[in-house]
Amino acid sequence: MKNKNDTRKENIQKLLLRLELWFAPVLIIVPIGVSFFFLWDWYVRGFSTGSSLYDGELLIGLLLLTGNLMFDIFFLRSIRILKKKQ
Amino acid sequence: MFFSEMTARDAFKLTKKKMTEYQTEFLERMNAIEVDAHWFRRVFHTFAASFLFYYLLPDEEWIKLGKIVLPIIIVLCMVVVEYRRIRGDLDHQRFFGLRNYEKKRPASYLYFGVAVLILFLLFPQQIAIPCILCASFTDPIIGESRYYLGKKRAYAIGFIISVFFFLVTWYRADWWILILVSLLGATGAVMGEAKKLTFVDDDFMIQMLPAILLLLMWQGLLAMGINMLPPPLLHPL
């Protein structure tokens with residue numbers, strides 16, 4: 001039982017030290033969230049009022065979304081490949 | 001009564017045991033995940049584009065103050081962390097994805113942060129936005145295509161992508177300004193990426209070089225009575 005507890009503690013410590021594992025979801029979720037916010041902002045302030053003033057929000061939202069998705073796919077694929085190798 | 005009490009206790013023990021087993025298994029699974037440092041760095045770059053959210057923050061008095069103070073505090077924290085890492089107080093191994101040459105000098109994320117801070121505080125958004133986009137997307141795209149296509153083609157692709165960013169963000173400017181700004185900005189971005197300096201990282205140069213070139217152009221044209229800046233692209237909430 002004590003041994004089990006030790007391995008658990010060891011695992012938790014290891015996990016806490018691996019900052020990349022904590023960062024990875026943030027690096028994927030935040031930009032996608034921000035890009036959707038830009039798109040939503042364009043829709044609410046620009047599209048629904050018929051104003052072209054907010055087209056910049058649409059452009060930046062689309063750029064953020066496509067750019068990030070492109071790299072996220074490769075990033076997630078690399079994690080899967082490494083998992084398979086193990 | 002006694003019988004039901006015993007089963008409840010047993011059920012509790014069994015659940016606890018199963019929870020512990022599940023937790024151990026989950027921790028082991030999490031620890032088994034390997035993250036590719038190469039792609040981690042690339043995604044870190046593209047993540048930085050979300051800092052553009054800064055320009056959506058409202059223009060109220062206290063938020064205006066926060067828009068100046070908060071980025072400075074964040075960069076100062078990064079400076080402290082880097083100082084402690086270089087001194088050896090913080091283990092280099094804890095910083096995932098750092099390159100070997102970054103062991104004894106500030107890591108590129110600090111250069112990136114300082115450049116974004118300068119752009120936010122000292123440059124108009126019309127200049128800052130395409131420069132941040134170049135650092136976020138052009139840099140990793142050049143890095144990736146360099147592997148497969150060689151340096152020259154990679155820089156050509158980087159140039160085209162940078163031109164695209166400047167065209168998109170300056171689309172409200174006059175056509176001759178749009179062309180001049182796109183060519184000048186993209187040239188600055190690619191030169192900033194291509195020229196490797198010992199003490200200044202390319203993540204800093206790819207943002208600052210086009211920004212300074214455009215700032216000079218803007219001020220030069222202003223002196224001649226022409227304001228080349230288009231209306232702002234992003235509007236505070």
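B:Thr138 sits in helix H5 of chain B, which spans residues 125-149. The model is a predicted one. Is B:Thr138 buried or exposed? The count of C-beta neighbours inside 10 Å is 29 for this residue, and so B:Thr138 is classed as buried, the threshold being 20 or more. Beyond the residues within four places of it in sequence, B:Thr138 makes contact with B:Gly158, B:Ile161, B:Ser162, B:Ala189, B:Glu193 and B:Ile206. B:Gly158 and B:Ser162 belong to H6(B), and B:Ala189 and B:Glu193 to H7(B). B:Phe112 is 26 residues from B:Thr138 in sequence, and their C-alpha atoms are 14 Å apart in space.

The crossing is right-handed. On the H6(B) side the contact is made by B:Tyr155, B:Gly158, B:Phe159, B:Ser162, B:Val163, B:Phe166 and B:Leu167. H7(B) contributes residues including B:Leu178, B:Val181, B:Leu183, B:Ala186, B:Ala189, B:Val190 and B:Glu193. By class, the residues of this contact are 12 nonpolar, 4 polar and 1 charged.

From H4(B), the residues B:Ser108, B:Tyr111, B:Phe112, B:Val114, B:Ala115, B:Ile118 and B:Leu119 meet B:Asp203, B:Phe204, B:Gln207, B:Met208 and B:Ala211 of H8(B). The contact comprises 9 nonpolar, 2 polar and 1 charged residues.

The other packing is with helix H3 of chain B, residues 61-87, whose axis is 10 Å from that of H4(B), at an angle of about 160°. This angle is why H3(B) is described as roughly antiparallel to H4(B). The crossing of H3(B) with H4(B) is left-handed. H3(B) supplies B:Ile68, B:Pro71, B:Ile72, B:Val75, B:Met78, B:Val79 and B:Glu82, and H4(B) supplies B:Leu110, B:Gly113, B:Val114, B:Leu117, B:Phe120 and B:Leu121. Here the division is 11 nonpolar, 1 polar and 1 charged.

Chain A has 3 helices and 0 strands. In order from the N terminus, its elements run α-α-α. Of its 86 residues, 22% count as buried. Taking contacts in chain A between residues at least 6 apart in sequence, 37% join residues at least 24 apart. A:Lys9 is a residue of helix H1 of chain A. How many other C-beta atoms lie within 10 Å of A:Lys9? There are 11, so A:Lys9 is exposed, the limit for that class being 12 or fewer. Along the chain A:Lys9 and A:Ile29 are 20 residues apart, and 29 Å separates their C-alpha atoms.

The two chains meet through 34 residues of chain A and 33 residues of chain B. On the chain A side, helices H1 (2-17), H2 (19-47) and H3 (55-85) each provide at least two residues. H3(A) gives the most, with 16 residues. The side of chain A that touches chain B has 20 nonpolar, 7 polar and 7 charged residues.

In soluble globular proteins, nonpolar side chains tend to be buried together. This core has 61 residues, of which B:Ala49, B:Cys131, B:Ile132 and B:Leu133 touch the most other members. Leaving aside neighbours within four places in sequence, B:Ala49 is in contact with A:Pro31, A:Leu64 and A:Gly67 in chain A, and with B:Ile132, B:Leu133, B:Ser136 and B:Phe137 in chain B.

Conventions:
Residues numbered from 1 in each chain as written. Chains lettered and ligands numbered in written order. Predicted model: local features only at pLDDT ≥ 70, side-chain atom pairs only at ≥ 80, totals over all residues. Contact = placed C-beta atoms within 7 Å. Helix = DSSP H or I, 4+ residues; strand = E, 2+ residues; numbered from the N terminus. Nonpolar A, V, L, I, M, F, W, Y, C, P; charged D, E, K, R; others polar. Core = buried A, V, L, I, M, F, W, Y, C linked by C-beta atoms within 7 Å. Left-handed = near helix turned anticlockwise from the far one by under 90°. Axes fitted to C-alpha atoms, helices over the stretch in contact; angles between N-to-C directions. Parallel < 35°, antiparallel > 145°, perpendicular 65-115°, else oblique.
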